[in-house]
Amino acid sequence: MAELPRLLEGLDPEQREAVAALRGPVCVLAGAGTGKTRTITHRIAYLVQRGLVAPQQVLAVTFTARAAGEMRTRLRGLGAGGVQAQTFHAAAFRQLRYFWPRMHDMPMWQLTDNKFRLVVTAVNKLGMSTEKEDVRDVASEIEWAKSSMISPEQYPSAADAAGREPPVAPTLLARAFAAYEQVKSRAQLLDFDDLLLHIAAILEDSQELAEEFRSQYRSFVVDEYQDVNPLQQRVLDAWVGNRDDLTVVGDANQTIYSFAGAAPKWLIGFPRRYPEATLVRLERDYRSTPQVVDLANQVIGAARERPAGTRLKLIGQRPDGPRPDFAEYDDETEEAEAIARKIAQLAKRGVPLSEIAILFRINAQSEVYEKALSEAEIPYQVRGGERFFARAEIRKAMSTLRTAIARDVAADDLPGAVRELLVEVGLTEEPPAGGSARERWESMISLVELAEELVGQVPDADLARYVAELDARAESQHPPTVEGVTLASLHAAKGLEWDAVFLAGLVEGTLPIQHADTDAAVEEERRLLYVGVTRAREHLHLSWALARAGGRRFRRRSRFLYSLVPDEHPAALPTKAKMREQQQIKPSKQQAKPKCRVCEAALAGTMDIKLGRCRDCPSDLDEDLLSALRAWRSERARQLKVPAYVVFT
Ligand code: ATP
Ligand code: MG
């Protein structure tokens, strides 16, 4: 009992209420950094310590492997190491391995490691384009349909009702979807969504297996609940059954998967569904300095619509820190090199590299930062790209290790043997200079480090034991960690935090992304920026470059920045040369060159105007600019508390 108060210490009264609620359901609705994840980990540990539930009876789920790993680490630290904290998919995979043979009377089908290839085969059969981009669009539409529980037959009408814009005619997409399912099941393969579909179906169809499942798991916890999609919700319902020991936490302002079918309606609707639930709202932000919190409030405060459940304002709790820094660069290489230099300075001042992250909108952006970091000899790891165990070099390494076991290669004690075997698949003594070769080296060397770690725990572990350990990790997607700066997409960064965060590449077309062409899609991009900003504890650096590396096309800074860059900041005042460049390179079709101050300033994004046509010159402002200006104007209106219709002539 002496331990008990400790788990309630270090929590504020609202967090404590959620932790100490002895029975579910519990719902925590709160903004970023307010301690939602802390609350649920403490709650689990508290219930375990009080003997109300055994660790193995708790199933905690979240959406990314890294967030699940983070949760396991926090739980271990609180003395609740036996609790399963996994992604929905990893949890479903584990359960399916157990239940599948009993339901289907045959071994479980393999999980495909190349879904893309299956989609290529399917679209090829129908004579559709097999171009990478086209296939990817079809694949993501199939994913949306599956996670929305829509069959190929239902697809055309459901897509229409949901306002989807499929890359090909809806009926053709439906055929591609059906062909994909056929190709996949002929090969006896499962994709990630199948894991969820199958486990839900098993628990719904078999009373006996459902009861067995429910005698194993009693308490369910969902982090980041705002991003649950209909299929995951169905799985959750199948898990929980008619019991109510369910704890959910989330922040509707961080919904960033609605393009894939996720919706915050289950989070917001939770108190209605469970009127007896303990409902807690948190607003103190413990993660970030007040300067970062202010910026986060501004980003989300500018959202066009703020439905109930999203009007949460954060109140900073930490001491003051540096103001967020904004920087504009001429091209991406310059931006990346400047970031690498700033990282080196932070490291010199004692910020550990593992406490620094560069976050971007799309994985393809990572390359230029990887290059700059390699050149500056700063170690890094890329997150949220390909899953660690799906990487080609890791699959090759695993098959080499397995062959060695089959050949009974003498491999006593362990790290040296692993290293030698990996030399066969290209592991060099010294790390390659940079780029993807360096990344491959880093991932292989982390396999060697894992062997070292294992020998530390199990001194007589052999190769077979080691590979079994890797298999277990692959199953739960728990990759070994590599020390260094984290490079991650904004999606992969959700739930995590670093002392210093660099939000890079903030230009129109990237954030918001090019294909965000509806208001709803743009709002999701704004929430992504909010997620990015709220990852920083102390140092926050926002940057953009006016051209791609070596590119000549002019790019405009993200519309989300207009109201954020402080007026006195140099980045708020683009140089005349840049303005001229902007006018020359991006004239809209019918647009004459602006002649007046209004249009010139509007193009540079530094001045508010009465929207529409200028009365002094024949300029029609283009759509991008108009929407940036609208956002800027409404933010100004909010700040000034009067409509900001200022006309300069
Ligand atoms: P996100 O929405 O980004 O997932 P969150 O609400 O889950 O954020 P946590 O990650 O749980 O927030 O907490 C943010 C940080 O604040 C963590 O470092 C956590 O340890 C710290 N923290 C949370 N609550 C408290 C508290 N009561 N006292 C001190 N620190 C706290
Ligand atoms: Mg969290």
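**Close-up views of a predicted model**

Figure 1. S14 spans residues 485–489, and five of its five residues are buried, so that the strand is mostly covered. In a regular strand, the side chains alternate between the two faces of the sheet.

**Figure 2. Pairing of strands S12 and S14.** Strand S12, made up of residues 356–360, pairs with S14 in the parallel sense. Four bridges link S12 and S14. In one of the views of this pairing, Ile358 is shown with Leu487, its bridge partner in S14.

**Figure 3. Ala30 at strand S1.** Ala30 lies in strand S1, which covers residues 26–30. Ala30 is buried because 24 other C-beta atoms lie within 10 Å, where 20 or more are required. Neighbours within four places in sequence aside, the contacts of Ala30 are Lys36, Asp251, Arg281, Leu282, Glu283 and Leu312. The unreviewed UniProt entry includes Ala30 in a feature named "binding site", together with Gly31, Ala32, Gly33, Thr34, Gly35, Lys36 and Thr37.

**Figure 4. Lys36 in helix H3.** Helix H3 runs over residues 36–49 and contains Lys36. Lys36 is buried, since 25 other C-beta atoms lie within 10 Å and the cut-off is 20 or more. With neighbours within four places in sequence left aside, Lys36 is in contact with Val28, Ala30, Val249 and Leu282. Leu282 is also among the contacts of Ala30. According to the unreviewed UniProt entry, Lys36 belongs to the "binding site" feature.

**Figure 5. The surroundings of ligand 1.** Ligand 1 is surrounded by 19 residues, of which Gly35, Lys36, Thr37, Arg38 and Tyr286 are the closest. H3 supplies three residues, the largest share of this shell. By class, the shell consists of nine polar, six charged and four nonpolar residues. Gly35, Lys36 and Thr37 are also listed in the "binding site" feature of the unreviewed UniProt entry.

**Figure 6. Domains of the protein.** The domain assignment places residues 4–93 and 207–281 in domain 1, residues 113–186 in domain 2 and residues 388–476 in domain 3. The centres of domain 2 and domain 3, taken over C-alpha atoms, are separated by 36 Å.

Note on methods. Residues numbered from 1 in each chain as written. Chains lettered and ligands numbered in written order. Predicted model: local features only at pLDDT ≥ 70, side-chain atom pairs only at ≥ 80, totals over all residues. Domains from an automatic or database assignment. UniProt positions renumbered as here; feature names shortened; annotations may be inferred. Helix = DSSP H or I, 4+ residues; strand = E, 2+ residues; numbered from the N terminus. Buried ≥ 20, exposed ≤ 12 C-beta atoms within 10 Å, placed from the backbone. Contact = placed C-beta atoms within 7 Å. Near = placed C-beta within 6 Å. Nonpolar A, V, L, I, M, F, W, Y, C, P; charged D, E, K, R; others polar. Pairing = 2+ DSSP bridges.
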